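Biologist: Could you take me on a close look at just one part of this model, the place where the ligand sits? I'm new to this, so please spell out the terms as you go.

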Amino acid sequence: MPVLTVAEPVRHTEVFGSFDVVVLGGGPAGIAAATSAARLGASTLIVERYGFLGGMGTAAGVTNFCGLFANRFGKIERVVHGIADDFLRRIQEIGGLKAPHKVFGKICAQAYDTGAYKIAADAILLEAGAHLLFHALGVGVVMEGPNKISALLLETKSGRRAVYGKIFIDTSGDGDLSAWAGAKYEVGDAAGAVMYPSTMFRINDVARDAASNRAWTTFPALMEAAEQKTGQKFPRKTPIIRPQNNDIEWRANMTQIANPDGSAINGIDAVQLSYGEVEGRRQILHAFTLIKQAVPAFANSYIVDIPPQMGIRETRRIIGDYILTEDDVLTCASFDDTIGVNGWPVEDHVADDIIFKWPDIPGSRGFNHLPYRMLLPLGFDNLMVAGRCASMTHGGQSAARVSGGCFVMGEAAGTAAAMAISGSGNVRNVDIIELQAKLTAQGVFLGRDQ
Ligand SMILES: Cc1cc2nc3c(=O)[nH]c(=O)nc-3n(C[C@H](O)[C@H](O)[C@H](O)COP(=O)(O)OP(=O)(O)OC[C@H]3O[C@@H](n4cnc5c(N)ncnc54)[C@H](O)[C@@H]3O)c2cc1C
């Protein structure tokens, strides 16, 4: 069926401003990118559609850092540093950071409070001198030739605006900016299937002994028993239900959001997203009802939060000069142009379950390098991409998409953008040795000591 269209009148769009570096999207990658570019003196604007930063980390209620640690020859060590250190210190100062906890006994993750995350992110960016524009949805670009972007177009509460930039960093998670500019991208695995999204929720007023009794270990068996008793299936095995910083509050990551035909919701399709938001809340009620009835420690508990949006794990992945693969993750690959490391395993969200694949433990160093080239969309001179929409295969992205990898990519992109501004203006001409020296001076671990 032909798509109906309407011709809009030609318009002149008010210019909001001109910046050295324009960052679209305020998730972990965008926070790190804008902070590092601004710290190095580039005039930097970060544009975010919500009224707060954090991306999936806050807007989708993730509330837990993965990817900061690696299992190095059997020993779990923190391997992501740099801006991540400053940011976590801030969250800790506000009292919103829990001590790291073990995951499958193989690696660590670390829970945080959403409020503290948002406040810490504002502070770190403003102190760096970055400009923040909230409630602004990126909607398109103006090109200066086929390979160079000159302006980002926004719809804001005060109307449509244009922002000129010298370097653009796409940290939208969905690769929006790159796609509008004409960059090549992929969606999903070889069959086009993306990882399933999940709607997170948090539960409050849980009895404190649930945390000390490790109640989270009981949920898979409870779910199985409930399925047998009621004949109603939970959409996903492997629930992740864990205490937050305050033991009376737990986060639940146990839904799996599919279309009526069973395929994963496409996070760049508004109609599917609308269906999925409702379906997520339906699944939450089903799951919470079981938890409340079956676990005495949850008898008085209630749903304290369903975040602003369902959690999207994967949409567009922009094709760059190098494409990080699942094999790179599993073999702990090294690259000459390393900008930092990923120590999180492959974590694929398939129909009904999660599949984890790990590098050799304890026989390997447990992390792969992330190469600078994965931040460079093919053929562009003033565009970089960082975070979950960077250049990775479906399998590679399932690992490096978590917060740790996003901080690493973001910090490197922002640093390289600032270097390009004081150099040729072309992100492809950035001297890798100099970039690595700057990142090391900023505290980043490049993964070169083994
Ligand atoms: C359910 C779920 C559970 C997860 N669990 C964990 C976990 O436990 N630990 C962990 O570390 N990671 C986890 N992840 C992964 C992790 O949260 C994300 O992969 C990570 O946040 C990606 O960061 P990002 O900066 O690339 O993009 P995002 O976090 O997606 O941020 C992108 C930002 O850009 C903004 N944006 C997008 N498009 C536009 C536009 N056109 N205009 C303006 N703004 C725009 C968005 O509002 C958002 O703020 C989970 C993900 C999901 C979905």
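**The shell around the ligand**

Modeller: Sorted by type, the shell around the ligand has 15 nonpolar, 14 polar and six charged residues. Here Ala, Val, Leu, Ile, Met, Phe, Trp, Tyr, Cys and Pro count as nonpolar, Asp, Glu, Lys and Arg as charged, and the others, Gly among them, as polar. Before we go on: this is a predicted model, where local features need pLDDT of at least 70, side-chain atom pairs count only at pLDDT 80 or more, and totals for chains, interfaces and linings use all residues. Residues are numbered from 1 along each chain as its sequence is written, and side-chain values use heavy atoms, with hydrogens and water left out.

So who's in the shell? The ligand is surrounded by 35 residues (a heavy atom within 4 Å), and the closest are E48, R49, N64, R401 and S403. Several helices and strands (DSSP runs: H or I of at least four residues for helices, E of at least two for strands) supply at least two shell residues each, among them α1 (28-39), α5 (176-181) and α11 (403-421). Strand β9 gives the largest share, three residues.

Now zoom in on the polar contacts, meaning pairs of N or O atoms within 3.5 Å. A backbone N or O atom of R401 is 2.7 Å from a ligand oxygen. Taken alone, the ligand exposes 990 Å² (Shrake-Rupley method, 1.4 Å probe), and the protein buries 97% of that.

How values were computed:
A polar contact is a pair of N or O atoms within 3.5 Å; within protein, one must be able to donate a hydrogen and the other to accept it, and residues adjacent in sequence count only if both atoms are side-chain atoms.
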